[in-house]
Amino acid sequence: MDINFNKNEDHNKLLASDLKQRLAKVKLGGGEKRIEKHHAKGKMTARERINYLLDDTKNSIEIGAFAGEGMYKEHGGCPSGGVVVKIGYIKGTQCIVVANDATVKAGAWFPITAKKNLRAQEISIENKLPIIYLVDSAGVYLPMQDEIFPDKEHFGRIFRNNAVMSSMGITQISAVMGSCVAGGAYLPIMSDEALIVDKTGSIFLAGSYLVKAAIGESIDNETLGGATTHCEVSGVTDYKAKDDKDALDTIKNIVSKIGSYDKAGFNRDKPKKPKEKADEIFGILPKSRADQYDMREIIKRLVDGSEFEEYKKGYGQTILTGYARIDGWAVGIVANQRKLVKTTKAKTKPSEMQFGGVIYSDSADKATRFIANCNQKKIPLVFLQDVTGFMVGSKSEHGGIIKDGAKMVNAVSNSVVPKFTVVIGNSYGAGNYAMCGKAYDPRLIVAWPSAELAVMSGNSAAKVLLQIETASLKKKGETITPEVEKELYDRIKARYDEQISPYYAASRIWTDAVIDPLDTRKWISMGIEAADHAPIEKKFNLGVIQV
Ligand SMILES: CC(C)=CC(=O)SCCNC(=O)CCNC(=O)[C@H](O)C(C)(C)COP(=O)(O)OP(=O)(O)OC[C@H]1O[C@@H](n2cnc3c(N)ncnc32)[C@H](O)[C@@H]1OP(=O)(O)O
C-alpha cells in the first residue's frame, strides 16, 4: 500500500462529500420559497416530475446538474441552467427527459439553458434516444435576448432540431405543464405528440397583457390558451390531463408501446464487479499533483473482474491502451499514465526517462493504432484523462511530436465507434483534445471532483502571463518591483485557479457532469447502452495521415 494512501483517501473522500453537498444545493433550483409557491399551484417541480416518470431514479444519470453554476449572479443566478435533464428508463425504454424548472425565472431561457437543451438534443440524435420534454417556460430570458435569440447555437436551433429529429424517426413527446409563452410554446408543438395539463398548463405566442397592448383584445390566459381551448378549439394539443401525474402516466403509456430499434451491436457479456475494491480509488489517486500513481490500479477498480488486456504494454508507456469490459460491455481503454517511465534500452538508442501524464511521439503513435483497432472491431472507446499536454523541447519537436500528436487527434476525430471520456486528474492543453475532450464528440464526458481543465496549469499560465504583462509595463517605462511582480502573479494565479475547477467546466457544459468516481461504471454502461440504439452508419476513414 502507498504510504500516502490514507492521506489521499481523506482528501478524495472530502472532495466526494463536497460534490454531494453542492448537488443537494443545486437541486433546490430557485429555492424553497419558490418550490412552495409552485406546489401551491398544484404543480410538481421539474425534478419531481422526472422522478415520477422514471421507473427507478437510482438507475438514471443527470446531465448538466451544474450548468449555470456561479453564472448570471447579477440576474439572481440560474441553477442547473433552469432546466433538468436526465437519462433513465420509462417502462423499460431508455429515454432522455428534459424538464424546465419554473422555480428559476418562470423557466425562462438563459444562454446556458439553450446550450443545455442543445446538448440534450445532441445526445438524443447521436443515440437515437426517445426524448421527452416537460415544458414550463416563459420563453427567452428577455434581459439577455441578444445572447440567446437568433444565432445558430441559440433558441431557434431547438425548433429546427425538433423538425430534423422528427424526420430522423426519433420519438419526441411533450407535456405542457405550466405557462408556455412565445419561444416556450413552439417546442412542445414541434414534438410528435403534445399533452397539456388542465388549469395549470397554457400555451400561447403572446399572453393576455401583450394581446391587450397589441390589438386591444381583452381575454384571460385560460380562454386564450388553456387546456380546453387547445384540446377542443384550436387542436394544438393532443391529450388533456387532469393534473401533472395524469400527464406523466399518459407519457408512460405512450412510451411503453414504442417498437424496438436496429442496434449497433456492441459486444456484451454477463456483467461482473471489479475484483479489486472500487473504493480504494480514493486512496490511490494522489492528493498532490506532484505525486505519481499507476493508472493500472485505477483501471483495475473500474473494469469487470479487474481484467485489463494491455496492448503494447512496454511501448509508449505514458499512455496505457487495452481491452476490458465495463458492466459486461466490451471497451477499449486509452488512459494517461501519471508515472515516470523508463523506455527500454535499444542498441541504437540509450534508455531515457519520460514524464508521466505527458504524451510523447511513441505514446501518441500507440494510441492512434489502438483507436484504429477499436474502430475495426466495433469496440466503444473509453478515455481516462490525466494529461498535462504533449512533450515540449527540441528533442521532442525534432522527433516530430506535432505530426504524431496530429495523427492521434485525427484518429480520435474520425472514430466512428462511440467515445466516452472521464477526466480523472489534469486535462490541459492539446492533451485535452487528443484524449477526446468535449470538442471531439464524446457521447458522454464526465469529471471526477479531482479534475482540473484548462489550457495549462495555473502555475504555468501565471508565469507566462506575468512575463507578457511585465514586458508590456516595462515598455511603458514602468519599473516592476518584486512586490508588484508578486501581486500580479497572485492575481493571475487566483483567477486561473478558479477557472480550472471541475465545477467551472461543468457550469459551462464543457463536461456533462461532475461525478463520484464510484459512479463511473454506471455512466459508461448507460452511455454504451444508449449508443447501442444507433447503428454505426459511417465507415472509419482517417483521411490524410500525418506520417
Ligand atoms: C423565442 C421567441 C421567438 C420569443 C420569446 O420567447 S420572447 C419571451 C416572451 N415571454 C414572455 O413574454 C413571458 C413573460 N412572463 C410571463 O408572462 C409570466 O412570467 C408567466 C405567465 C410565464 C409566469 O407567471 P408566474 O406568475 O408563474 O411567474 P412570474 O412571477 O411572472 O415570474 C417569475 C420570475 O420570472 C421572471 N420572468 C418571467 N418571464 C420572464 C422572461 N421571459 N424574461 C425574463 N424574466 C422573466 C419574472 O420577472 C419573475 O422574476 P422575479 O422573481 O425576479 O420577480
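One of its oxygen atoms sits 2.9 Å from a polar backbone atom of valine 140. Taken by itself, the ligand would expose 1,000 Å², and 58% of that is buried by the protein. Keep in mind that this is a predicted model.

Which residues are closest to the ligand? They are Arg34, Lys105, Ala138, Val140 and Leu142, out of 16 residues that surround the ligand. Alanine 138 uses its backbone, with an N or O atom 2.9 Å from a nitrogen atom of the ligand.

Next, histidine 38. This residue is part of helix H2, which covers residues 32-40. Is histidine 38 buried or exposed? Its relative accessibility is 6%, and buried means under 20%, so histidine 38 counts as buried. Its side chain reaches the backbone oxygen of methionine 44 at 2.9 Å. Leaving aside residues up to four places away in sequence, histidine 38 touches several others, among them Arg49, Ala102, Thr103 and Asp136.

Now the whole chain. There are three pieces in the domain assignment: domain 1 at 31-256, domain 2 at 278-451 + 511-533, and domain 3 at 456-504. The C-alpha centres of domain 1 and domain 3 are 44 Å apart.

Last, the record. An unreviewed UniProt entry places "domain: CoA carboxyltransferase N-terminal" at residues 12-270.

Note on methods: Residues are numbered from 1 along each chain as its sequence is written. This is a predicted model: local features need pLDDT of at least 70, side-chain atom pairs count only at pLDDT 80 or more; totals for chains, interfaces and linings use all residues. Side-chain values use heavy atoms; hydrogens and water are left out. Helices (H or I, at least four residues) and strands (E, at least two) are DSSP runs, numbered from the N terminus. Buried means under 20% relative accessible area, exposed over 50%, partly exposed in between (1.4 Å probe, protein chains only). A polar contact is a pair of N or O atoms within 3.5 Å; within protein, one must be able to donate a hydrogen and the other to accept it, and residues adjacent in sequence count only if both atoms are side-chain atoms. Contact means heavy atoms within 4.5 Å. Domain bounds come from an automatic or database domain assignment. UniProt positions are given in the numbering used here, feature names are shortened, and annotations may be inferred rather than shown by experiment. A residue is near a molecule or strand if one of its heavy atoms lies within 4 Å of it. Accessible areas come from the Shrake-Rupley method with a 1.4 Å probe; for residues, only the protein chains shown count as cover.
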